[in-house]
Each structure stands twice: as structure tokens, then as C-alpha cells.
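Welcome! Please have the view open as you read.

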Amino acid sequence: MSAPAILPARGAADRLTGVFWRRPNLLLLILVTPPLLWLGVVYLGSLAALLLQSFYSIDEFSGVVKEEFTLKTYAELFRAQNLDIILRTVVMAAAVTLACAILAFPIAYFAARYARGPWKAAFYLGVMLPLWSSYLVKVYAWKLILAKEGVLTWAASGTGTGFLIDGILSIPGLEGSSLSTSPFGTFLVFVYIWLPYMILPMQAALERVPNSMLEASADLGATRGQTFRTVILPLAMPGVIAGSIFTFSLTLGDYIIPQIVGNSSRFIGLAVYQLQGTAGNIPLAAAFAVVPIVIMLIYLTLAKRAGAFDAL
Amino acid sequence: MTAAVEFQNVSRHFGSVRAVDGVDLTIAEGSFFAMLGPSGSGKTTCLRLISGFEKPTSGTIRIFGEDVSSVPPHLRNVNTVFQDYALFPHMNVRDNVAYGLMVKGMGRAQRHAKAEEMLALVKLSGYGDRKPAQLSGGQRQRVALARALVNEPRVLLLDEPLGALDLKLREAMQDELKALQHKLGLTFVFVTHDQHEALSMADHLAVFNEGKIAQIGTPQDIYDRPATRFVADFVGSSNVLPPELTRALGGPPQWASLRPEATKLAATGPVSGPVTALRYLGSGTRVVIRAGETEIAALVPAGEPVPAEGEIRAIAFAPQALHLMGEA
């Protein structure tokens, strides 16, 4: 006797697979419903609540939130001290992103184009390892490294390069008694903490550029620099943008690093933290929280217009 | 006349792997030269040695008489059509074709005009604004060709250029490439593992085996008079006869090749055996006879009687059809 043309279902799993085959969208629906609910209710819902709060205002005498629509709170953002916070945060985020991009590129390029086998493993380990330890521990460790009695100052005085640190600390805007109390210290710690988030998407983007494309460029007469500008960079751009979204928005929102390292001048995250906590000014905290969202939207629009996603 | 490309005892070793091992090669200017061989035989490495993406471990490579040992790829006036075409996905077809001119600093209007000229040459006028992703495989192939030709190279290198195309398109492109080469009078060096492609397109070819050139010559030389067993095996559907069979057929005890077209079937003869396979080819039938350990194919022209499987037949041929060759 020959085998039957149709095999009998062995149980529930076979029947369920049959149901999914007859209704292909069912499986998709089951898979995406929980995350969509999460995204829709928890994430977008809280974002809407935040937006709503930002259109309320606070009664200056009683400190009670008045639940009436007003743009007064947004107008407050444009007060000199608040504008100062926004500007400082954006400049810091931009500087951190730029530094991360410049530092990350050679690492990502090496990992994507040259690292094989154990070197690749070493790369992933090296990039991910810092993420395994607590964020706070790392920030405090940096505070110690950058402190006046810290290893950096010690090494600088030992090698006679202390003038470099003194030079940085004398630049207007970066003043401080040591790197750990200078905005430059804040910058260094931000760069260190967010660097992995720039390296990984960059490496993923570079990995997808076939070697033959670089060879084609050289074959057609391009120098290394021309190949970099006209082929590698445009093709890696989606990764650079993805990484910069991380570093930029994470810096925009962080409120711990500026508290621990630096001269305690306020950043957006810190302002939100203090406004909703000690000051109890939820509407202004909400308005502040909207700023990074708006900045990111502007940033992405500009990036899209510049053709950063053409290679996607 | 200067040779377009000349290899003098060139080797390229990767660790202990001798990808290219002591190759001597001269490619005449204006020829359509094929490098044929199985994968890993060194043919692609040889092409990359010409373009400069590989450096020889030892030996000298000359392009139009000039030693290129220390010349980087971007300064060699040779261009490559890559196997995967390697078109830049973020540029449209026109910018892809004009790329070589752009990096040389030619102005936009001028290079775009030149690119259009090239696109017309490969019959893709009007496709300039499209992205490579919007083209079919055959069209991408033409763009890659136009992009390589725009620089007016002295030598055009083609790395398995037709490998990714389907049969019909491949045959059409074979004719076009040949016509293009004729029209431009350029030296084409082209790598393939497809014997038919190499034989039909090239005017000279080198057969590679394990990093060495097994034979170099015209397609007729290679097909009719393979120098070694390997060449006979690889290039043709030729019958390869071991020494004892050659002797049984009246030759010296040497390896020999015998083309199926030259092989006839007879009722009796010194070498005979059962028919083990029949393949109808339209123009005739390929009949395989098993003589001891060796299978011998004969081509029976259409209209002549074809034996059934299992029938015993002997082989016959004109004495000059038997070609003796070396062992390796």
C-alpha cells in the first residue's frame, strides 16, 4: 500500500498550523496586537496626556494646576533662563552626537569590513560590555577619573601634559576647577555612555555595503576620500542617522549625568525632573518635555530632506 | 605590437593556498580574451591582479608595457564590470554611469552628456533617471557596462558578467558584447566558468586549473586539441580515453580525446559495450556506450538509426579524429 496523499493531523499543533495557513492574517494579528496595544495605550496615551498637561498652566499663588487650555506655559519656555536651558541642552546633544559619530565610525568600519571570527566577537563584547554594568556606577567612576585628584590629572602631571587640561578648563564656557566640574567633563561622560548606541547601527549599515561597491569606486578612478564621501558615507547614512537619534535624544533627555559631572548648570532633563518634583509645576515640566520631541522632528525632517534615507 | 596585458611568472598566494601559481600570459591588444576554469582555479584572482585589487606575491604584471606593481587600482586605466554589477544604489543610472567622470572632476553638464552617450551605446537611452533597483538584471548589466566604458579604458575586465542572467538574455548579451568589442576595438578580458560562453565569444582563451594555466589558445585549439586530460574534461563534452583504450583503438598507450561528433557507431569493433544512455538533442541523439570503466559518447545525426538502451555497439572514427594528450 502506498502512503496516503493527505497526512492525518497529529494533534492540536497540526490543526492550528492549518488554521494559520487558511487565514494568513490571523497569525499576524495575534503577533502584533500586544505590542500595538502597548504602543497605542501606554506609549501614545502617555504622550497625549503629556501634551495635554503642557497646555494647562499653574496658578502662581496657589500652585494649583488650572485645567484650562492656554499657551502661557509654552510662552514661559521663551524666558531667558529657560531658553538658556534649551540652548545648552541642544548644543551639548549636538556636540555629543558629532563626537560619537566621529569616534564610532572607525570602530564600526573596522568591525563591519575587517573583523572576522574571534575579532568580531571581541568587537561585540567590547561594545556591549559597558552596557552590562550600571549606568550610575559608570558615571560615578568617570567622576573619580576626572576629579582633581583623579587618575587623569595624575597621568597628565606625570607626563607633563597638565597644560592640556588647564587649557581646556580655561576655555570660556568650559571653566571648572577640574574636568569633573567642567561642562567638558559632562560632554566626555555623555560621549562615553552613549557611544555604543552610535557604533551598533553604524556597523549594521556598513555591513550591508558590499565590498565590490568600494572596489567599483576605486576601479572607476576614485581616491579613498572620494569613495568615502560619495559611496561609503551616503550608504552608511541611515545607520549614522539611527545612531544619532539615540545619542541626540538620549542626551536631550538625560538628567543624571549633568547632576553628577559638571558645573550643575541645568539641562532639559534636569529641568523636567526638578519642575515636576520639587517645584510641582507639571505643565511647565510637560512643556519642557515636548521640546526634545519637536527638536527630533525638526532634525529628522532636515535629515530626510538632505537625502539621508535615500539609501534605505 | 605591445601586449595589452602581460603576466611574467605571476603568483598570488593566500597563506598556503596558491590561488595563482607561476602564470605566464600575454593578451594581445584588441583581443577578446577569456579566462576559463572551475571555481577556485585562479581565473578571478588573475582578473583582480589586472585591476589591482590583488597584489602579486611574486612576478611582474605589465599593462601596455608598463609595470603596474606599484600602481593602485584607481590609477590603472582599466575598468571592471563586476559580477554583482556593484551599481551604487543611492545614485540614479545617469550618475552611476557618470561616476568615473565625476571623480575625475568633469563638470556636471559635460559628464551627463557623456553618460547619455554611453547609455545609448548599451541601448538604455531614457533610463538615466531610474534607480538601479528599478531595473531588471539585464538592464543593470548594461548600466555596469556603460559605467565601465565611460572612462574609455584601455582594457575592459568582465568578471562572470553574464552569470546572473537567464539563458535567453545571456545569449543575447553574448552577441551584444561581441559586437560592442568589435565596434570599440577594445581589449576585453573576461572570466567565466561556462565553456560554451568562452568558446563562442573569445578569440583567445586560457584554461585555468589549480592556479595554473592548463592551456592557452584559440577556441578551436582548445576544443579540438586539448593539451591535457583536465582541459578535455572541462572544456568539452569530449570523450576522454585512458591509455589502454587508446591502445585498443590502435593508438599509442596515451590519454586521448575523441569528440562525440567524430564518433560513429558500428556493429563490431575493437571497443564496444552496451548503450547506457540516450539524450535527444534535436539535431541528433547523444548515445553513451559503456566500454569497461569508460563512458564514450557518440553523436548520431538526426535521421540515422538510433540503438535502444542495452544494445551492444562498437565505436568507430576517422584516425585523425583521435587526439593524443598529456596526463595532467
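## A walk through the two chains

The largest nonpolar core has 158 residues, and those with the most contacts inside it are A:Met202, A:Phe288, B:Ile50, B:Ala146, B:Val189 and B:Val207. Such a core is a set of buried Ala, Val, Leu, Ile, Met, Phe, Trp, Tyr and Cys residues joined through C-beta atoms within 7 Å. Here, buried means that 20 or more other C-beta atoms, placed from the backbone, lie within 10 Å of the residue's own. Helix α9 (residues 183-207) of chain A gives the most to this core, with 17 residues. Helices (H or I, at least four residues) and strands (E, at least two) are DSSP runs, numbered from the N terminus. In soluble globular proteins, nonpolar side chains tend to be buried together.

A word on the model itself: it is predicted, so local features need pLDDT of at least 70 and side-chain atom pairs count only at pLDDT 80 or more, while totals for chains, interfaces and linings use all residues. Residues are numbered from 1 along each chain as its sequence is written, and chains are lettered from A and ligands numbered from 1 in the order in which they are written.

Let us look at one core member. Leaving aside neighbours within four places in sequence, A:Phe288 is in contact with A:Leu77, A:Ile268, A:Ala271, A:Val272 and A:Leu275. Contact means that the C-beta atoms of two residues, placed from the backbone, lie within 7 Å.

Now to the meeting of the chains. Chain A brings 17 residues to the contact and chain B brings 18 residues. On the side of chain A that touches chain B, α10 (211-219) and α11 (224-253) of chain A each supply at least two residues. The most comes from α10(A), with six residues. Within α10(A), the buried residues are A:Leu214, A:Ala216, A:Ser217, A:Ala218 and A:Asp219. These pack against α11 of chain A together with α1 and β6 (78-81) of chain B. After α10(A) comes A:Gly221, whose phi is positive, near 110°.

Chain B has nine helices and 18 strands, and 43% of its 328 residues count as buried. Its C-alpha trace spans about 75 × 45 × 35 Å along its principal axes. An automatic or database domain assignment sets the domain bounds, and in chain B it gives domain 1 (3-231) and domain 2 (237-325). The C-alpha centres of these two domains of chain B lie 38 Å apart. Their contact takes six residues from domain 1 of chain B and six residues from domain 2 of chain B.

Four strands of chain B form an open sheet in the order β2-β1-β4-β5, with antiparallel pairing. Strands pair if DSSP finds at least two bridges between them. The edge strands, each pairing on one side only, are β2 (17-28) and β5 (66-67) of chain B. Helix α1 (residues 43-51) of chain B packs on the sheet, touching β1, β2 and β4 (58-63) of chain B.

| Strand pair | Bridges | Facing residues |
|---|---|---|
| β1(B) (residues 3-14) and β2(B) | eight bridges | B:Glu6 and B:Thr26 |
| β15(B) (residues 284-291) and β16(B) (residues 294-301) | eight bridges | B:Ala291 and B:Thr294 |

Finally, β15(B) and β16(B) form a hairpin with two residues between them, and B:Gly292 in the turn has a positive phi of about 65°.

Terms used:
Axes are lines fitted to C-alpha atoms, for helices over the stretch in contact, and angles run from 0 to 180 degrees between N-to-C directions. A residue is buried if 20 or more other C-beta atoms lie within 10 Å of its own, exposed if 12 or fewer, and partly exposed in between; C-beta atoms are placed from the backbone.
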